[in-house]
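Subject: Structure handover

Hello,

As promised, here is the structure we talked about. Please open it alongside this email, and my notes follow below.

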Amino acid sequence: MIKNDSHIYIIFGASGDLTKRKLVPALYSLFVQDLLPEKFALLGVSRSQFTDDEFRAGMKSAINEFKEIDNVTKIDDFINKIYYISVMFDDASTYLSLKQRLEQLRINMNINGNTLFYLSTPPSLYSIIPRHLSSVGLNIQDDGWKRLIIEKPFGYDLESAINLKDQLLHDWTEEQLFRIDHYLGKETVQNLLVTRFSNGIFEPLWNRNYIHHVEITSAESIGVEKRGGYYDGSGALRDMVQNHLLQVAAIAAMESPSSLEPLAIRNEILKVFQSIRPIRKEDVKSSAIRGQYLASTIKNEKIPGYREEEGVDPDSETETYAALKFYIDNWRWGGVPFYIRTGKRLPTRVSEVVIHFNTTPHFLFSQGAGHITSNQLVIRIQPDEGILLKFGMKTPGAAFDVQNVNMDFHYSDLSHQRIPSAYERLLYDSIKGDATLFARTEEVLEAWKFLSPVIECWKNDKDVPLYGYPAGTWGPEKADDLIEDKEITWRYPCKNLSDDGIYCEL
Ligand code: BG6
C-alpha cells in the first residue's frame, strides 16, 4: 500500500446518508491506517447551512456510529481536517465561492491542485455539478489532477446513459471519471480474479467443455427500507442487474488480462459485455422473470408488501425481484447459460457465483439423495465469504452409494485482519488514480444496451406478468422455468457457506 499524493477530497451531498454511513467512515479507516497523505483535507459540500464546527461534530458522531475500524484514538485528528461549504448546486455563482474556498484551503495547507469531486447526490445533478465545476475551471489539470467520482445509477436507460456520457465527456476526460460500482470494491469479487488466474487447476476447466451453467445470486432479506421513493422509479433490474450483477458476471467470464494494468483488465471486461447475446424482443418472456414482494408474516412479525412501503405507489408495477438467462457468444462460453437473480425480501442475505460443472458422462454409482451429482464451485461474495467445492464421495458402507460433500475455505481463516469495506478500497483507488475497479463508459452503455429489450417489454407489454411472491420466500416459482435443464433448479443458499438446500434462515 502506498501513501498517496496530497489532495483535497470534496464530497457533494455531504449532509446525506451515504456520506455519513460509508464515505467518511471509509476515509477515516484509511487515515487510521496511515494511507492518506499528511496534506489532506476533506471538504463537505451541500445545500444545508453548517459551520465547519457543526459539520465536524456531525461527522464525528457518524464515525463513532459507523466506523469500520476499532481504533477511535485518531478521530479528533481526522475531524480537524474536515471543512464545509454550502453551495446551491444549480447556481453558477456559488461555484466561484467554492473555488475560492478551495484555493484558500490549498494555500493554508500548502496543497497543490489535486482534487477529487465525489458526487454523492441525486443522479439528476450528475450533469449539472460537473458542468458548473468546469465553468469555473475546476476540471483543468494544470496545477494537479482533478477526478470526478459518480455513484450509480449511470443513467436510467440506454438513451439517458448516452446523454449523461455526452454531457460528462464534454468537459471531462474518460481518465478523470471514476464510476463507483461498490460490488467491484468487494474483496471477494476481486478474489474471483485471483482464484481464476492464480490457480492452474480451475482455469483449464473454466469453459464450455466442462461447465454446464453459471448461476449468480444476490439476495437481500431486507425490503426497500426508507428508499421507496428512489426504488419505485428504479426496480431490481436497474438497481442491481444493470451494474453489480453484470459486472460480477463479466469478472467470472473474462479472459485472462495481459497484465494487471487497469486498461488490460478493463479491456477484457468490456469484451465480455460486447459478447453477451442480445435478448430478442420475442424472447424476453422466456429469458426474464420479474416479481414483487407481497405482505407476509415472518417469525410472527407482519411484513408489509412492497406496495405498502413508504414512498411506493400503491399500484406500483416496479419489480423487486428479477431473474435472467443469457449467453455469452464467444469460444469460451458458447452455449453455456448464465442465470442471474436478485431480489429484496428473500429468505436471507447472500451473494454468490456458482460454477456448475458437467456431470459425468455415465452414472456408475447410485446417487445418495436421488440427485445427479454435479460438481459445483461456489464463490461466496457475502456473508461468510469463501469458496466451497462440492463433489461426490462414497457413503461409508458395503454399497457404492455416492453423496455430495463440501470442501470449504472461509476467507476469515486466511488472516485475522478485517476485510476492508468496498468503499474503503474504492476511495483508496480513486485517490491513487487506479481505475481498474471502476466501470468505464463503454461497459455501462453495453449493459444498458443488453437490458433495453427487457426494460422496454416490462414497461410496455401489459401481457408480461409481474409475479407476486410472499416476503421471505425465494421469489416467483416461475423463475424455475428459466432453467433449461429440468433436472436442475436454482441453488437455495443460506447465510452459512456450507449449509444449503431447501433450508434457509428466516
Ligand atoms: C445498492 C442498491 O447498489 O446495493 C441497494 O441500490 C442494495 O438496493 C445494495 O441494497 C446491496 O449492496 P450490498 O453490498 O449490501 O449487497
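Which pocket does the space taken by the ligand form? That space is the largest pocket. Before going further, please keep in mind that this is a predicted model.

The shell around the ligand is made up of Lys152, His182, Tyr183, Lys186, Glu220, Arg227, Asp239, Met240, His244, Lys344, Arg349 and Gln382. By residue class, seven of the shell residues are charged, three are polar and two are nonpolar. Helix 9, which spans residues 236-253, gives the most to this shell, with three residues.

Several side chains come up to oxygen atoms of the ligand. For Tyr183, a polar side-chain atom lies 2.5 Å from a ligand oxygen. Lys152 has a side-chain N or O atom 2.7 Å from an oxygen of the ligand, and for Arg349 the corresponding distance is 3.3 Å. As for burial, the ligand taken alone exposes 390 Å², and the protein buries 83% of that.

Next, the charged pairs. Side chains of opposite charge can pair when their charged atoms come close. The count in this model comes to 29 salt bridges. One of them involves two residues from the ligand shell, Glu220 and Lys344, whose side chains meet at 2.8 Å, N to O. Glu220 sits in the loop between strand 7 (211-219) and helix 8 (228-232), while Lys344 belongs to the loop between strand 12 (337-343) and strand 13 (350-357), so this pair ties together parts that are 124 residues apart in sequence.

Most residues other than glycine have a negative phi, and most peptide bonds are trans. Here, the bond joining Lys152 and Pro153 is cis, with omega about 5°. Pro153 is in the loop between strand 5 (146-151) and helix 6 (158-171), and Lys152 is one of the residues around the ligand. A cis peptide bond also runs from Gln382 to Pro383, with omega near -20°. Gln382 is likewise among the residues around the ligand, and Pro383 has its place in the loop between strand 15 (376-382) and strand 16 (386-394). Asp34, a residue other than glycine, has a positive phi, near 65°. You will find Asp34 in the loop between helix 1 (17-32) and strand 2 (40-46).

Best wishes

How values were computed
Residues numbered from 1 in each chain as written. Predicted model: local features only at pLDDT ≥ 70, side-chain atom pairs only at ≥ 80, totals over all residues. Heavy atoms only, no water. Near = heavy atom within 4 Å. Polar contact = N/O pair within 3.5 Å; in protein donor to acceptor, adjacent residues only side chain to side chain. Areas by Shrake-Rupley, 256 points an atom, 1.4 Å probe, with all protein chains shown as cover. 1 Å grid on protein atoms, 1.4 Å probe; cavity = no way out; pocket = protein on both sides within 12 Å on 5 of 7 lines; lining within 4 Å. Sits in = over half its atoms within 2 Å of the grid points. Helix = DSSP H or I, 4+ residues; strand = E, 2+ residues; numbered from the N terminus. Nonpolar A, V, L, I, M, F, W, Y, C, P; charged D, E, K, R; others polar. Salt bridge = Lys/Arg side-chain N within 4 Å of Asp/Glu carboxyl O.
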